[in-house]
Amino acid sequence: MNNAVPEAFNSHRLLLMYKGDISALTLFAQQSGGSVCFPQSLPPLSVAFDEDATVNDGKITVHPATLVNAINRLLGFDNDLLYAEAGFKEYVDTPKGTVTVYMARFKLLDPPHRLMQALGCHMRTLPELRGRPPAEMELLRRAYTKMMEG
């Protein structure tokens, strides 16, 4: 990543995913340090809120498209490479406060393996990501379910 992390990511994260339109192959981006949250991992001791929870912590939320634009700039991607996946919004309780997690999907026919490897990241299947912290595993489960139902 080539720039300082924008302030909006203090209380927001993105999952970056790829889903094949024909094969339904679903892959999630994983940073070199292991986290699936971008641009930075969740703090230790983070816990996903219940799926039906709505959180009003008084903070102003940022539209997911704004976060996608910021991550495109941060990672050096073209503006049309990722788009915000409608309907995915999850909350995580962290020692530093609530973090809202959205999902961005690659607009590509083929998985972006080389592109992500150039950034020190990898595209992984859900089984390959076993062993991540519980909050991340729960986010991945919810994201995968959303993609398979949508």
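Start by selecting strand 1 and strand 6 (residues 97-106): the two pair in the parallel sense, over six bridges. Keep in mind that you're looking at a predicted model.

Now colour strand 1 by itself, residues 12-19. Eight of its eight residues are buried, so the strand is largely enclosed by the rest of the structure. Show the side chains: His12, Leu14, Leu16 and Tyr18 point one way, while Arg13, Leu15, Met17 and Lys19 point the other way, and all are buried.

Go back to Met17 and you'll find Phe28 of strand 2 opposite. The hairpin joining these strands has six residues between them, and one to click on is Ala24, with a positive phi near 65°.

Strand 3 is a quick stop: residues 37-38, antiparallel to strand 1 over two bridges. Here Leu15 stands opposite Cys37.

Time for the inside. The largest nonpolar core has 23 residues, and Leu14, Leu16, Ile71, Leu82, Phe106 and Met116 have the most contacts inside it. Strand 1, strand 2, helix 1 (64-75) and strand 6 each supply at least two of its residues. Helix 1 gives the largest share, six residues.

Zoom in on Leu82. Leaving out residues up to four places away in sequence, Leu82 touches a list including Leu16, Val68, Ile71, Phe77 and Phe106.

Last stop: apart from that core lies another, of 17 residues; select Val36, Val99, Ala135 and Leu140, which are among them.

Conventions
Residues are numbered from 1 along each chain as its sequence is written. This is a predicted model: local features need pLDDT of at least 70, side-chain atom pairs count only at pLDDT 80 or more; totals for chains, interfaces and linings use all residues. Side-chain values use heavy atoms; hydrogens and water are left out. Buried means under 20% relative accessible area, exposed over 50%, partly exposed in between (1.4 Å probe, protein chains only). Helices (H or I, at least four residues) and strands (E, at least two) are DSSP runs, numbered from the N terminus. Two strands pair if DSSP finds at least two bridges between them. A nonpolar core is a set of buried Ala, Val, Leu, Ile, Met, Phe, Trp, Tyr and Cys residues joined through side-chain atoms within 4.5 Å. Contact means heavy atoms within 4.5 Å.
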